[in-house]
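We will walk from stop to stop, and at each one you will hear what to pick and what to look for.

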Amino acid sequence: MDTIIKKVMDSPEDETVYEQASQIIREGGLVAFPTETVYGLGADGMNAEAAAKIYAAKGRPSDNPLILHIADKEGLAQITDKVPPKAEALMKAFWPGPLTMIFEKKKEVPYGTTGGLDTVAVRMPSHPVARALIRKSGTPIAAPSANTSGRPSPTKAEHVREDMNGKIDMLIDGGSVGIGLESTIMDMTVEPPMLLRPGYITREMLEQTIGEIRIDPSLMEGVGEGVKPKAPGMKYRHYAPKAELTIVEGELERVAEEINRLAQEKQEQGHSTGIIATEETKAFYKEAQVRVIGTRQDEETIARHLFAVLREFDESGTEYIFSEAFSEENLGQAIMNRLVKAAGHHIIRV
Ligand code: TXA
Ligand code: MG
């Protein structure tokens, strides 16, 4: 199949792009589009056959449920009729935006979208392109991140093209996304509500709005035997680069020393290496392959570039990547959650 690629530029001509894209959605096809978090791979969420095409294009296990994207409260009413007061409070504070909530599903929502579950994940994105597409399509849009299953999530249209060209009907290019990490996921079907995936809406922000929340115990420890994550997708080796990634944690100067030592060791064995550093630490490394991911003064810069940097290392054929660790407070919890997964839990403390 030829994938139609169209840029939107906030101009009147965009209207024809949305016209074409929404027709594809209504006819059961696949359209990738930008959201404020990462690019999504969209299909009509109320059509099980359309949702099945998403799993095929991504190579995604069929027990891993999809998020339904809506543009307004009417969209929510199509999906669930049980919205607890704390969910109302979170909606008021964070929708539209990078927060996904889990509800009990209405029977009209097909099991093909929810991976066989009686619950459903819902998000109201704030990105104008996502909102225009959902509105025009007139249906909730099921959309996982638009990457091949197991690869880092796409933060640019170019990443989607790498993974999905020829496998989907259309890609709407809306430039680079703002946040760069997938949405925060909260299970609102339990009391107290439970954080299943950390994201831009942090634990601290959630607690300020609704008080006590619980954290899925499998989150930071990684998924050992017997600890089953509640979001099925969190159990897969995710966000993974092709290279072997090692995180080094500790006082920054010592971390840099250890990374330099480890990288040199691999180079002497004839391997290619890469280093993930920050503005504050780049001077510690001699290495030509250093990538500055952002500044520790502003964690948002780190979140925004993490997945793109992992993909760049893939492209250059890097075999071993060494990354500094980051603080686990606020947005750092989401950054470290993704980084630790990409590293397959390989962390060295110095
Ligand atoms: O930011 C995002 O959330 C992006 C953009 C496109 O909106 N989407 C995204 O979707 O990250 P995906 O499919 O890559 O991740 C969805 C996660 C998976 O880990 C899945 O298991 C979990 O949400 N999930 C979906 N429905 C669920 C449910 N009913 N119960 C528990 N977890 C659920
Ligand atoms: Mg994903």
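Which residues of helix H2 (residues 48-58) are buried? Before you check, please remember that this is a predicted model.

**Stop 1: helix H2**

Select residues 48-58 and colour the buried ones: Ala-50, Ala-51, Ile-54, Tyr-55, Ala-57 and Lys-58. An α-helix has 3.6 residues a turn, so residues three or four places apart point the same way. Now show what the buried residues of H2 pack against: strand E3 (40-44), helix H5 (111-114), strand E7 (141-142) and helix H7 (157-164).

Next, visit both ends of the helix. At the start of H2, select Asn-47 and Glu-49: a side-chain oxygen of Asn-47 comes within 3.0 Å of the backbone nitrogen of Glu-49. Just after H2 you will find Gly-59, whose phi is positive, at about 65°.

**Stop 2**

**Stop 3: the nonpolar cores**

Select Leu-41, Trp-95, Leu-99, Met-101, Met-186 and Leu-206. In the largest nonpolar core, which has 76 residues, these are the ones that touch the most other members. Keep your domain colours on, since this core takes at least three residues from each of domain 1 and domain 2.

Centre the view on Met-101. Setting aside neighbours within four places in sequence, Met-101 is in contact with Ala-87, Leu-90, Met-91, Trp-95, Val-120, Ala-121, Val-122, Met-186 and Met-188. Another core lies apart from the largest one; this other core has 17 residues, including Val-8, Val-31, Phe-33 and Leu-133.

**Stop 4: ligand 1**

Which residues come nearest to ligand 1? Of the 28 residues around it, the nearest are Thr-37, Asn-64, His-69, Ser-183 and Gly-233.

- Thr-119: a polar side-chain atom lies 3.0 Å from a nitrogen atom of ligand 1.
- Arg-123: a polar side-chain atom lies 3.1 Å from an oxygen atom of ligand 1.
- Pro-232: here a backbone N or O atom lies 3.3 Å from an oxygen atom of ligand 1.

Taken alone, ligand 1 exposes 680 Å², and the protein buries 98% of that.

**Stop 5: Ser-153**

Move to the loop between E7 and H7, where Ser-153 is found. Is Ser-153 buried or exposed? Ser-153 counts as buried because its relative accessible area is 2%, and the cut-off for buried is under 20%. Show the side chains of Ser-153 and Glu-182: a polar contact of 2.5 Å joins them. Not counting residues up to four places away in sequence, Ser-153 also touches others, among them Val-38, Tyr-239, Phe-307 and Arg-311.

**Stop 6**

Select helix H6 (residues 128-137) and pick out Arg-131. With a relative accessible area of 16%, Arg-131 is buried. Beyond its neighbours within four places in sequence, Arg-131 is in contact with Ala-71, Pro-96, Met-124, Pro-125 and Ser-126.

From there, hop to Pro-96, in the loop between helix H4 (85-94) and strand E5 (99-104). A cis peptide bond joins Trp-95 and Pro-96, with omega about -5°. The bond from Glu-191 to Pro-192 is also cis, with omega near -5°. Look for Pro-192 in the loop between strand E9 (184-187) and strand E10 (194-197).

**Stop 6: two positive phi angles**

Finish with Asp-10, in the loop between strand E1 (4-7) and helix H1 (14-26). Asp-10 is not a glycine, although its phi is positive, at about 60°. At 79% relative accessibility, Asp-10 is exposed.

His-345 counts as partly exposed, at 39% relative accessibility.

Note on methods
Residues numbered from 1 in each chain as written. Chains lettered and ligands numbered in written order. Predicted model: local features only at pLDDT ≥ 70, side-chain atom pairs only at ≥ 80, totals over all residues. Heavy atoms only, no water. Core = buried A, V, L, I, M, F, W, Y, C linked by side-chain atoms within 4.5 Å. Buried < 20%, exposed > 50% of the residue type's maximum accessible area, 1.4 Å probe, protein only. Domains from an automatic or database assignment. Contact = heavy atoms within 4.5 Å. Helix = DSSP H or I, 4+ residues; strand = E, 2+ residues; numbered from the N terminus. Near = heavy atom within 4 Å. Polar contact = N/O pair within 3.5 Å; in protein donor to acceptor, adjacent residues only side chain to side chain. Areas by Shrake-Rupley, 256 points an atom, 1.4 Å probe, with all protein chains shown as cover.
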